[in-house]
Amino acid sequence: MADTATLTPPPPDSAEADDPARRPVVTLLPGGHRRAEAGHPWIYSNEIAMEAAAKALPPGALVTLRRSDERSLGVAMFNPHTLLAARLLDRDAARPIGKRFFVRHFERALRLRERLYPAPYYRLVHAEADGLPGLVVDRFGGVIVVQANAAGIDRLTPIVVDALQQVLSPDAIVLRNDSPARALEGLAAETRVAMGQIDDPVFLEENGVAYEADVLAGQKTGWFFDQRDNRTFIAALARDARVLDLYCYSGGFSLAAVHGGAASVLGIDRPEPALTLAENAARRNGVAEHCVFRRSEVFAEAATLAASGERFDIVVADPPPFARSKRDVPAALRGYRKLARLAAQLTAPGGILFLASCSHNVASSDFAEAVRRGLADAGRGARILRQSGACADHPVHPALPETAYLKALTLALD
């Protein structure tokens, strides 16, 4: 077979950087196209003819993918050093990947979010589900936070920033390139302000509640937009309730519950800066007298509260990822089981328990089974009121179940 990946791509420092006529060509093995032609956006290294020229391409290079019969499959970002070797950007290999390409995708994503939400606080781009593999964009009004989790998107960052400026005219753009996924792509971690200036936590509004987010040092991009609908559901059940918010972070569920009429909220988490943001938000919303935020290790504090006989009408447990890789799954399931047991012990008879997992490596069925076992360990009967995931600004790619990473159960306990 001819060595087809012979051209070195130019650096993507302008909208004209990608020339389809000069783009390197990477050829798939016989049959390697089947999943992609059925709609999957990923190509694995064992589906590719890894010739010497392909192996020599820099991580993130734009390439034209061809089937073994030389029919075009599309344009993709290619990384010869990873199992997930190619991420399709467009099924038309003649499509230049430049500023116009990203502007078109951002405008489409913006139209959808503006139909969903009245205020500009949401996830604007959810990677593959919005047709931009490896790219996350969260919007906090005039502040845009960008996360590039693939080598190809990282190389295209100047164009991404330029396109976002054209579509949104933001005050500032932050690059939060510090996710664990970058290490798998051979990328270094970094956080920097690409345009504008960030001096303080940024403001956001959700369902009538004002929050603060640290977009430079907070978890993920500084906020968890994915739990918006779940916070709304819990808030609707919270009138006159005593609420315990485990892993409260910067007060998302806590303040939503108080806004819904909760009598009191106790929030527990480890990161002191996040707890400060929660306290600031409670004061901003005029509900500080209803909220207590305590710095503590969640499992230890939950065990202490349970042993002292504390019981709450609503218990929320929304932990960070317990399984960052597949090998972490067994330990993660043990963790979810223990968390469910402790949380159930803290839930009053007739109370509500909300449990969530944001670990995409943990299957929904396995998470539900871990929760069931935890309830049994606590000797509590329950009924599932609601099974849910992320809200609509986190769409799911039909062929990529990994984009449906969030699992949540709301239960009524006997």
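Biologist: Is Leu 409 buried or exposed in this model, and what is its relative accessible area?
Modeller: The model is a predicted one, and the cut-off for calling a residue buried is under 20% relative accessible area. Leu 409, which is found in strand β19 (residues 407-413), falls under that cut-off and is therefore buried, with a relative accessible area of 4%.

Biologist: How far apart in space are Leu 409 and Phe 367, C-alpha to C-alpha?
Modeller: Leaving aside neighbours within four places in sequence, the residues in contact with Leu 409 include Leu 353, Ile 384 and Phe 367. Leu 409 and Phe 367 are 42 residues apart in sequence, while from C-alpha to C-alpha the separation in space is 9.4 Å.

Biologist: Which parts does the salt bridge of Asp 130 and Arg 113 tie together?
Modeller: The side chains of these two residues meet at 2.7 Å, N to O. Asp 130 counts as buried at 9% relative accessibility, and Arg 113 counts as buried at 0%. The pair ties together parts that are 17 residues apart in sequence, because Asp 130 lies in the loop between β6 (121-126) and β7 (135-140), and Arg 113 in helix α3 (residues 99-116).

Biologist: In the salt bridge of Glu 301 with Arg 294, which residue counts as partly exposed?
Modeller: The closest N and O atoms of this pair are 2.6 Å apart. Glu 301 has 13% relative accessibility and so counts as buried, whereas at 32% the residue that counts as partly exposed is Arg 294.

Biologist: How many salt bridges does the count come to?
Modeller: Among them is the pair of Arg 373 and Glu 369, with closest N and O atoms 3.1 Å apart. By the rule used here, the count of salt bridges comes to 23.

Notes
Residues numbered from 1 in each chain as written. Predicted model: local features only at pLDDT ≥ 70, side-chain atom pairs only at ≥ 80, totals over all residues. Heavy atoms only, no water. Helix = DSSP H or I, 4+ residues; strand = E, 2+ residues; numbered from the N terminus. Buried < 20%, exposed > 50% of the residue type's maximum accessible area, 1.4 Å probe, protein only. Contact = heavy atoms within 4.5 Å. Salt bridge = Lys/Arg side-chain N within 4 Å of Asp/Glu carboxyl O.
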